[in-house]
Amino acid sequence: GNRKVRVALLQTMAAKDMRYLRNDLAKFAMDAPDAESAVEAAVTVMLLTDDQMEALKFVGRLLLQGKYPAQRARAARLIANAFPEYAERLFIKALDEETSASAATLMCEFLAQKGTVKSLPVLDGIANNVTRIYQTDNYLEVKTTSESVRAAAVRGAERLRELQ
C-alpha cells in the first residue's frame, strides 16, 4: 500500500531481471494507484522487454491511454528518442486528448522539427486554439505551460507551410 515500497519493489524487479513478471507489470503500469509507481512500473517494463515491437506497443499504449501526465510525458520522450519513425503518427493521435503541457510541448516540438505535412492540421489546431488549457508542469525537467505548447505548435506550423 505504500508508494515508496512499491517503487523500491519495482526497482528490485528490474535489477533482478525478473522478465517473467513483465506482462503483469505492464498491466500494473496502466492501473497503478499513483504517478510515481506508474512511471517506475513503465521503466521496469521497458527494461524487461527485449522485443522492440513489444516495447513500441507498450510505450504507445502508455502515451495514448496512460492515466498520469508524468507517464505520458515520459512515454512521449521515449518514443521521440527510440522510435522516431513511429512518432509522428502516434503524436498526431495523442495530441487530440493530451492535457499535460510537458507531453504536448515535447510532441509539438518533435513535429515542428521532424513532422511532415500530415502534422500541419494538428499543429494549426493547437496554435490557433487559445482557449485550450494544458496543465502547467515540469515532468521533463523544464516548466511548461499552455503558451509553451502553442509556441511549439506555431513554429511547427510555420515550418510545414514553408515546405508546401
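## E141 and R77

E141 is exposed, with a relative accessible area of 62%, where buried means under 20%, exposed over 50% and partly exposed in between (1.4 Å probe, protein chains only). Its side chain meets that of R77 in a salt bridge at 3.3 Å, N to O, the term denoting a side-chain nitrogen of Lys or Arg within 4 Å of a carboxyl oxygen of Asp or Glu. The pair links distant parts of the chain, with E141 in the loop between α8 (120-128) and α9 (146-163) and R77 in helix α5 (residues 69-82), 64 residues apart. R77 counts as partly exposed at 26% relative accessibility.

## Basis of the values

The model is predicted, so local features need pLDDT of at least 70 and side-chain atom pairs count only at pLDDT 80 or more, while totals for chains, interfaces and linings use all residues. Residues are numbered from 1 along each chain as its sequence is written, and side-chain values use heavy atoms, with hydrogens and water left out.

## Other salt bridges

The whole structure holds nine salt bridges, one of which joins the side chains of D50 and R19 at 3.0 Å, N to O. D50 is exposed at 60% relative accessible area, whereas R19 is partly exposed at 32%. Salt bridges that share partners join D17, R19 and D50 into one network.

K57 forms a salt bridge with E54, the closest N and O atoms being 3.7 Å apart. K57 is exposed, at 52% relative accessibility, and E54 is partly exposed, at 35%.

Terms used. Helix = DSSP H or I, 4+ residues; strand = E, 2+ residues; numbered from the N terminus.
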